[in-house]
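Dear colleague,

Please find below the structure that I am handing over to you, together with its sequence. Once you have looked through it, the notes that follow will take you through what was found.

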Amino acid sequence: MSETAVNEIAHHPNPTGFAHQFEDIDQQHEAGRLGMWIFLATEILFFGGMFTSYTIYRALHLPSFVIGSHLLEVQFGATNTVVLICSSLTMALAIRSAQVGKSKSTIIFYLVLTMILGALFLGLKLRFEWYHDYLEHIVPGFGFVYRPEWGSAAPGVQMFMCFYFFMTGLHALHMVIGLGILAVLVGMAARGRFTSKYYVPLEISGLYWHFVDIVWIFLFPLLYLIGGRYAAGG
């Protein structure tokens, strides 16, 4: 083990999570960051295929997708967008607090606030959007009802709703996983694991959380705003 690693351990009662297979703590940090970026690259490929499929079918069934977009409650989508942007801010503040050596209570405060915002996003989605869609009978496979005014575009409307629930549902699953990660981070922070010298778990978890937020930034206009955009354009 290098002198750098020995000094790192000697100055911290907790060995800051240092693993024996690395030469020093800096190498471990870089490996962690690289691993997260590789994981996010696979996520980009996964979501990229989903977005590509959506784009193709939207081009083929544009009138149906416009009708489907009008069925969504844009105010809830906009509210959730603001909630997620705020959660990215609190996540960044948690990381910054660790970097500058703030107390563990400050780090915990920002992490818990991030969790609250994430839970608020899911609560709004479940209670006020998906439940409303169920009552309106526009959930595919759960009593979906065609409306006469849709005319020949009706089958494409159900296709749009399939995309909507699959894409937002997959995003919500990533949010649930993110909340689990944040819960682990809160436990680590409570044990005093994070210092100005060691905060990589916060950093790489923040990358995941920001990625999930960015996915929603794309989902919101693709799903919610197409209706208003094309209606305004005639």
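Helix 2 gives the most to the lining of the largest pocket, with six residues; helices here are DSSP runs (H or I, at least four residues), numbered from the N terminus. Before going further, please keep in mind that this is a predicted model, in which local features need a pLDDT of at least 70 and side-chain atom pairs count only at pLDDT 80 or more, while totals for chains, interfaces and linings use all residues. Residues are numbered from 1 along each chain as its sequence is written, and side-chain values use heavy atoms, with hydrogens and water left out.

A pocket is defined on a 1 Å grid over the protein atoms alone, as an open set of points where a 1.4 Å probe fits, with protein on both sides within 12 Å along at least five of seven lines, and its lining residues have an atom within 4 Å of a point. The largest one has a volume of about 180 Å³, where volume is the space filled by probe spheres set on the points, which are joined across faces, edges and corners. Helix 2 (25-60) and helix 7 (200-232) each supply at least two residues of this lining, which includes Trp 37, Phe 51, Leu 207 and Phe 218. By class, the lining residues divide into 10 nonpolar, one polar and no charged, on a scheme that takes Ala, Val, Leu, Ile, Met, Phe, Trp, Tyr, Cys and Pro as nonpolar, Asp, Glu, Lys and Arg as charged, and the others, Gly among them, as polar.

Next come the aromatic rings. Rings of Phe, Tyr and Trp (its six-membered ring) pair if their centres lie within 6.5 Å, and planes under 30 degrees apart count as stacked, over 60 as edge-to-face and the rest as tilted. By this rule the count comes to 19 aromatic pairs. One of them is the tilted pair of Tyr 54 and Phe 65, at 5.6 Å centre to centre and with 55 degrees between the planes; this pair links distant parts of the chain, with Tyr 54 in helix 2 and Phe 65 in helix 3 (residues 62-70), 11 residues apart. Tyr 54 is buried, at a relative accessible area of 0%, and Phe 65 is likewise buried at 0%, where buried means under 20%, exposed over 50% and partly exposed in between (1.4 Å probe, protein chains only). The rings of Phe 65 and Phe 160 have centres 5.3 Å apart and planes at 75 degrees, so this pair is edge-to-face. Phe 160 lies in helix 6 (residues 154-190), 95 residues from Phe 65, and Phe 160 is also buried, at 0% relative accessibility.

Helix 6 also holds Gly 169, which is partly exposed at 25%. Leaving aside neighbours within four places in sequence, Gly 169 is in contact with Trp 130 and Tyr 164, contact meaning heavy atoms within 4.5 Å.

Finally, a word on confidence, for which pLDDT is the predictor's score for each residue, from 0 to 100. The chain averages a pLDDT of 86, and 84% of the residues score at least 70. However, pLDDT stays under 50 over residues 1-15 and over residues 230-234.

With best wishes
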